[in-house]
Amino acid sequence: MASYTNDEVWEMFTHHQNEEFFTAKGLPFSYTIKGGEMFISRRSKSITRSTFDAAYRKIQENPELITGPKKLGVFGAPYLWALFRKFELI
């Protein structure tokens, strides 16, 4: 697994806005990023940059313990998990 900074991953996510992704349960979603917030097509609330940072930090600290979305322990975990998996960050 390659190691990227939070800023590099956030930038990577920014470049893939409006593409279709799938949760672990196979639910399709897309997202847009405006400033420090990620707006998921399936949710009314946004995932903040600080929530993203916390989730990515957990992956970096203990990748072997992060075996599914619930292990991230943050709001929007199914969507972040799907993106981390798609971009081979976990």
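This is a predicted model: local features need pLDDT of at least 70, side-chain atom pairs count only at pLDDT 80 or more; totals for chains, interfaces and linings use all residues.
Student: In what order do the strands of the open sheet stand?
Tutor: Strands of a sheet pair through backbone hydrogen bonds, either parallel or antiparallel. Here 3 strands form an open sheet, and the pairing is antiparallel. The order is E3-E4-E5.

Student: Which strands stand at the edges, and why is one side of each left without a neighbour?
Tutor: The sheet is open, with the order E3-E4-E5. Each edge strand has a single partner strand, so one of its sides has no neighbour in the sheet. The edge strands are E3 and E5.

Student: What does the twist average from one strand to the next?
Tutor: The sheet in question is the antiparallel one, E3-E4-E5. Going from one strand to the next, the twist averages 25 degrees.

Student: How many bridges pair E3 with E4?
Tutor: Strand E3 covers residues 31–34, and strand E4 covers residues 37–40. They pair in the antiparallel sense. The pairing runs over 4 bridges.

Student: Which residue in the turn between E3 and E4 has a positive phi?
Tutor: E3 and E4 form a hairpin, with 2 residues between them. The phi in question is about 65 degrees. The residue is glycine 35.

Student: How many bridges join E4 to E5?
Tutor: Strand E5 spans residues 46–48 and runs antiparallel to E4. Phenylalanine 39 stands opposite serine 46 in E5. Methionine 38 has isoleucine 47 as its bridge partner. The number of bridges is 3.

Student: Which helix lies across E3 and E4?
Tutor: The helix spans residues 6–15. It runs at about 125 degrees to E3. It is helix H1.

Student: Is asparagine 18 buried or exposed?
Tutor: Asparagine 18 sits in the loop between H1 and strand E1. Its phi is positive, near 70 degrees, in a residue other than glycine. Its relative accessible area is 57%, and the cut-off is over 50%, so asparagine 18 is exposed.

Student: What is the phi of glutamate 88?
Tutor: Glutamate 88 lies in the segment after helix H3. At 61% relative accessibility, glutamate 88 counts as exposed. Its phi is positive, in a residue other than glycine, and is near 55 degrees.

Student: Is threonine 51 buried or exposed?
Tutor: Threonine 51 is found in helix H2, residues 49–61. Leaving aside neighbours within four places in sequence, threonine 51 is in contact with Val74, Phe75 and Leu80. Its relative accessible area is 18%, where under 20% is the cut-off, so threonine 51 is buried.

Student: What separates the C-alpha atoms of proline 28 and serine 44?
Tutor: Proline 28 lies in strand E2 and counts as partly exposed at 32% relative accessibility. Its contacts, leaving aside neighbours within four places in sequence, are Glu20, Phe21, Phe22 and Arg42. Serine 44 is 16 residues away along the chain, and the C-alpha atoms are separated by 15 Å.

Student: Which residues is proline 78 in contact with, leaving aside its neighbours within four places in sequence?
Tutor: Proline 78 lies in helix H3. With a relative accessible area of 37%, proline 78 is partly exposed. Beyond those sequence neighbours, its contacts are Thr23 and Pro69.

Student: How many nonpolar residues are in the lining of the largest pocket?
Tutor: The lining includes Pro78, along with Thr23 and Pro69. By class, 1 residue is polar and 2 are charged. The nonpolar residues number 6.

Student: What space lies in the largest pocket?
Tutor: Rolling a probe the size of a water molecule over the atoms shows where empty space is left. Among the residues lining the largest pocket are Lys25, Leu27, Lys70 and Tyr79. The space is about 180 Å³.

Methods. Residues are numbered from 1 along each chain as its sequence is written. Side-chain values use heavy atoms; hydrogens and water are left out. On a 1 Å grid over the protein atoms alone, a cavity is a set of points where a 1.4 Å probe fits but cannot get out, and a pocket is an open set with protein on both sides within 12 Å along at least five of seven lines; lining residues have an atom within 4 Å of a point. Grid points are joined across faces, edges and corners, and a volume is the space filled by probe spheres set on the points. Ala, Val, Leu, Ile, Met, Phe, Trp, Tyr, Cys and Pro count as nonpolar, Asp, Glu, Lys and Arg as charged, and the others, Gly among them, as polar. Buried means under 20% relative accessible area, exposed over 50%, partly exposed in between (1.4 Å probe, protein chains only). Two strands pair if DSSP finds at least two bridges between them. Axes are lines fitted to C-alpha atoms, for helices over the stretch in contact, and angles run from 0 to 180 degrees between N-to-C directions. Contact means heavy atoms within 4.5 Å.
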